[in-house]
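Please walk me through this fold.

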Amino acid sequence: MDEITPPEPPVPPAQKIREMIDCAHRMAASMEAETGLVRRLGKSCPNHDLNEIIAGWNFTALAIRESYDGRF
């Protein structure tokens, strides 16, 4: 049986990897704050439900971290 080898991620400088992870976390936090503000203002509607996008940013941070073996 043939082996399937997944591609290796690029190897940017460690600081860039940390910055990408931090950016994804900050995006999620920003959108959570925006969702909270919209709810507090009583203007919540399905168009303002960012939970899936927030989950996506959190997943992105995790995926970046895991792509680099959890070193960051």
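Take the contacts in the protein chain between residues at least 6 apart in sequence: 65% of them join residues at least 24 apart. Contact means heavy atoms within 4.5 Å. This is a predicted model, where local features need pLDDT of at least 70, side-chain atom pairs count only at pLDDT 80 or more, and totals for chains, interfaces and linings use all residues. Residues are numbered from 1 along each chain as its sequence is written, and side-chain values use heavy atoms, with hydrogens and water left out.

The protein chain has two helices and zero strands. These are DSSP runs, numbered from the N terminus (helices: H or I, at least four residues; strands: E, at least two). Helix 1 spans residues 14–40 and helix 2 spans residues 51–67. They pack at an angle of about 165 degrees, with axes 9 Å apart. Axes are lines fitted to C-alpha atoms, for helices over the stretch in contact, and angles run from 0 to 180 degrees between N-to-C directions. The two helices are therefore roughly antiparallel, a term for angles over 145 degrees.

Which residues of helix 1 meet helix 2? Among them are I17, M20, I21, A24 and M31. Helix 2 brings residues including I53, I54, W57 and I64.

Y68 lies in the segment after helix 2. Y68 is buried, at 7% relative accessible area; buried means under 20% (1.4 Å probe, protein chains only). Leaving aside neighbours within four places in sequence, Y68 is in contact with P9, P10, P12 and I17. Of the 72 residues of the protein chain, 18% count as buried.

Terms used
Parallel < 35°, antiparallel > 145°, perpendicular 65-115°, else oblique. Buried < 20%, exposed > 50% of the residue type's maximum accessible area, 1.4 Å probe, protein only.
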